[in-house]
Amino acid sequence: MQPGATTCTEDRIQHALDRCLHGLSLSRCSTSWSAGLCLNCWSLQELVSRDPGHFLILLEQILQKTREVQEKGTYDLLAPLALLFYSTVLCTPHFPPDSDLLLKAARTYHRFLTWPVPYCSISQELLTFIDAELKAPGITYQRLVRAEQGLPIRSHRSSTVTVLLLNPVEVQAEFLAVANKLSTPGHSPHSAYTTLLLHAFQATFGAHCDLPGLHGQLQSKSLAELEDIFTETAEAQELASGIGDAVEARQWLRARLQA
């Protein structure tokens, strides 16, 4: 392949990304969302999800677009690109040890700290996000799902409980239906623990992790055993995210999870 040439897959991902960004300029007469924009985003997600390596290709292209935004001063595209970067990192199964994508992303978004609000705030949030992912791969996804499924760990249990005392007779049926649905976890605790543990080990070890074998071992565990393993894993990730040096943090986390 000639230097600078791209593969068919890279071209398709680039085209899908361009379609997602098309029409988002504030200079256009209409700023309303359309079904076409949503379909473009879905098409990009479907294309990228076919192979783990596609996530890395998309991230590289998002960063290239972001650098172009910085060079041209096109403010209105920074937020959409930042959201695409954030969601793509969340979905990326594993970053290879020799990948410098997150480091390049940190350098890229650091340049936007001098931009006015809200762009500098967006960049600061992404830098915090990148720092955590460099130290404990996959930790943001873990935190989001833990909060969604109500799976607190010992060191992060909430000390505040809000209780609403309602008379069902005085509350609309639609409200009660939504409240009951929200109070019921979407997955069983056993399934949630298993999924999060598989994700944590894949994000940390990548291809070196025997996911089918690990899944079989986790399936044989009782709920109490799974909760203990999950708590130890989650707390190890949180401790790693607090270590100053990213390389040292990842090495410490791998050693802790292998123990």
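Thr 66 is in contact (heavy atoms within 4.5 Å) with Leu 78, Leu 81, Thr 108, Tyr 109 and Phe 112, leaving aside its neighbours within four places in sequence. The residue belongs to helix α3, residues 52-72, where helices (H or I, at least four residues) and strands (E, at least two) are DSSP runs numbered from the N terminus. Thr 66 has 0% relative accessibility and therefore counts as buried; buried means under 20% relative accessible area, exposed over 50% and partly exposed in between, with a 1.4 Å probe and protein chains only. The model is predicted, with pLDDT of at least 70 needed for local features and 80 or more for side-chain atom pairs, whereas totals for chains, interfaces and linings use all residues. Residues are numbered from 1 along each chain as its sequence is written, and side-chain values use heavy atoms, without hydrogens and water.

The protein contains 12 helices and 0 strands. Buried residues account for 37% of its 259 residues. Of the contacts between residues at least 6 apart in sequence, 72% join residues at least 24 apart.

Helix α4 has 14 residues and spans 20 Å from its first C-alpha to its last, close to the 20 Å expected at 1.5 Å a residue; the expected span is 1.5 Å times one less than the number of residues.

In helix α7 (residues 139-149), the buried positions are Ile 139, Thr 140, Gln 142, Val 145, Arg 146 and Gln 149. They pack against α4 (78-91), α6 (119-135), α9 (189-205) and α11 (223-241). Residues three or four places apart in an α-helix point the same way, because there are 3.6 residues a turn. Ser 241, in helix α11, touches Ile 139 and Arg 143, as well as Lys 135 and Ala 136, not counting residues up to four places away in sequence. Ser 241 is buried, at a relative accessible area of 17%.

The peptide bond from Val 117 to Pro 118 is cis, with omega near 10°, and Pro 118 is found in the loop between α5 and α6. Most residues other than glycine have a negative phi, and most peptide bonds are trans.

The largest pocket holds about 480 Å³ of space. Of its 26 lining residues, Phe 95, Pro 96, Pro 97, Pro 137 and Arg 250 are the closest to its centre. A pocket is an open set of points on a 1 Å grid over the protein atoms alone, where a 1.4 Å probe fits, with protein on both sides within 12 Å along at least five of seven lines; lining residues have an atom within 4 Å of a point. Grid points are joined across faces, edges and corners, and the volume is the space filled by probe spheres set on the points. Helices α4, α5 (101-110), α6, α9 and α12 (246-258) each supply at least two lining residues.

The disulfide count is 0, a disulfide being a pair of cysteine sulfur atoms within 2.5 Å. The sulfur of Cys 41 lies 3.8 Å from the closest cysteine sulfur, in Cys 20, too far for a bond. Cys 41 is partly exposed, at 28% relative accessibility, while Cys 209 is buried, with a relative accessible area of 15%.
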